[in-house]
Amino acid sequence: MKRRNFIKGFCTASALAVAVSPSSLLAKDAPKSGNKLSLDMAITAITGGKAVAESKKVSLTVPEIAENGAVVPVKVHVESPMTDNDYVKAIHVLASKNGNSRCADVMLTPLNGKGYFATRVKLGGTQDIVALVEMSDGTFLKTSKPVKVTIGGCG
Amino acid sequence: MAEARKSMIKFKPKKFKVGDTIKVDFIVIHPMETGTKKDKKTGNIKPAHYIDNITFSLDGKPFTTMKVWETVSTNPYFSVNLKVPAKGKITVDYTDNTGEKNTKSKKLKPKG
């Protein structure tokens with residue numbers, strides 16, 4: 001190998017290394033969990049392959065920008081009469097890019113009176129929060145909202 | 001049950017009647033360890049420790065059950081609605097992934 005080529009190669013390699021390192025560092029910080037599930041896998045696990053419709057009946061309240069990813073308040077409201085025949089069966093809260101995207105599964109009954117659930121979740125970085133709702137007739141509704149995270153809350 | 005965890009049940013609003021829909025908030029002091037963090041002193045990875053099952057029940061009859069993962073924040077807060085049918089007792093049972101079981105209960109006293 002000629003000296004010139006060697007130096008050229010070395011320079012590009014080091015430049016690449018510098019460019020790559022921030023993302024690889026981030027990858028190291030990403031949560032590694034035993035029951036690692038991506039968003040698509042989690043959704044299929046919940047629905048069992050059924051179609052999911054985007055719906056305005058489900059409203060999701062999340063902050064646009066979360067200063068601290070460790071505490072992100074999430075509120076889910078579902079329009080439903082909550083009678084014995086027509087009620088919200090389950091609310092699933094998912095985060096699209098967390099190592100384990102499932103946050104909470106909430107099984108409701110008509111006694112709840114309203115389709116409502118609120119909690120606080122950790123987010124590893126900027127991503128979408130997805131609320132997946134199962135109605136008592138077996139249909140699945142979904143809505144999602146992006147959250148910008150300044151400081152990640154995992155790791 | 002190693003030690004009783006600090007937990008709290010709140011009704012919002014505080015005053016309510018039979019038939020009203022109220023919020024039942026449940027807060028518990030729990031580390032919710034993800035199993036990815038390193039202990040700064042020892043350098044070992046802290047084992048995962050999080051609440052995984054929660055049951056809200058009214059007079060022993062469950063009305064909301066939850067399955068929760070480590071992605072929920074430290075000292076978690078869960079809020080659900082309840083349409084008050086009558087006087088009763090709200091009990092929240094929760095278990096974590098280490099098998100720790102705890103309960104917390106509060107009386108439901110509707111006025112009027």
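# Close-up views of a two-chain predicted model

**View 1. Strand 7 of chain A meets strand 5 of chain B.** These two strands run antiparallel and are joined by 3 bridges. Strand 5 of chain B covers residues 77-83. Look for A:Ala118, which stands opposite B:Ser79. B:Ser79 is also one of the contacts of A:Phe117.

**View 2. A:Phe117 sits in strand 7 of chain A.** The strand covers residues 115-121. A:Phe117 has 27 other C-beta atoms within 10 Å. The cut-off for a buried residue is 20 or more, so A:Phe117 counts as buried. Leaving aside neighbours within four places in sequence, A:Phe117 is in contact with residues of both chains. In chain A they are A:Val76, A:Ile91 and A:Val106. In chain B they are B:Ser79 and B:Val80. A:His92 is 25 residues away from A:Phe117 along the chain. The C-alpha atoms of these two residues are separated by 9.6 Å.

**View 3. Strand 6 of chain A pairs with strand 4 of chain B.** Here 4 bridges join the two strands, which run antiparallel. Strand 4 of chain B spans residues 61-68. Within that strand, B:Lys67 stands opposite A:Asp105.

**View 4. The two chains touch along an interface.** Contacts link 29 residues of chain A with 25 residues of chain B. Strand 6 (102-107) and strand 7 of chain A each supply at least two residues of the side of chain A that touches chain B. The residues on that side divide into 15 nonpolar, 8 polar and 6 charged. For the complex, the predictor gives an ipTM of 0.86 and a pTM of 0.79.

View 5. Strand 2 (residues 21-28) of chain B is joined to strand 5 of chain B by 7 bridges. These strands run antiparallel. One bridge pair is B:Ile27 with B:Tyr77, the latter in strand 5. Strand 2 of chain B also pairs with strand 1 of chain B, again in the antiparallel sense, over 6 bridges. There, B:Phe11 has B:Val24 of strand 2 as its bridge partner.

**View 6. Chain B is built from strands.** The chain has 0 helices and 7 strands. From the N terminus on, the elements run β-β-β-β-β-β-β. Along its principal axes, the C-alpha trace of chain B spans about 60 × 20 × 20 Å. Of the 112 residues in chain B, 27% are buried. Among contacts in chain B with a separation of 6 or more, 55% join residues 24 or more positions apart.

**View 7. Confidence is given for each chain.** Chain B averages a pLDDT of 90, and 96% of the residues score at least 70. Chain A averages a pLDDT of 81, with 76% of the residues at 70 or above. Over residues 18-34 of chain A the pLDDT is below 50. Beyond near neighbours in sequence, this stretch has 19 contacts in the model.

Methods:
Residues are numbered from 1 along each chain as its sequence is written. Chains are lettered from A and ligands numbered from 1 in the order in which they are written. This is a predicted model: local features need pLDDT of at least 70, side-chain atom pairs count only at pLDDT 80 or more; totals for chains, interfaces and linings use all residues. A residue is buried if 20 or more other C-beta atoms lie within 10 Å of its own, exposed if 12 or fewer, and partly exposed in between; C-beta atoms are placed from the backbone. Two residues are in contact if their C-beta atoms, placed from the backbone, lie within 7 Å. pLDDT is the predictor's confidence in each residue, from 0 to 100. Ala, Val, Leu, Ile, Met, Phe, Trp, Tyr, Cys and Pro count as nonpolar, Asp, Glu, Lys and Arg as charged, and the others, Gly among them, as polar. Two strands pair if DSSP finds at least two bridges between them.
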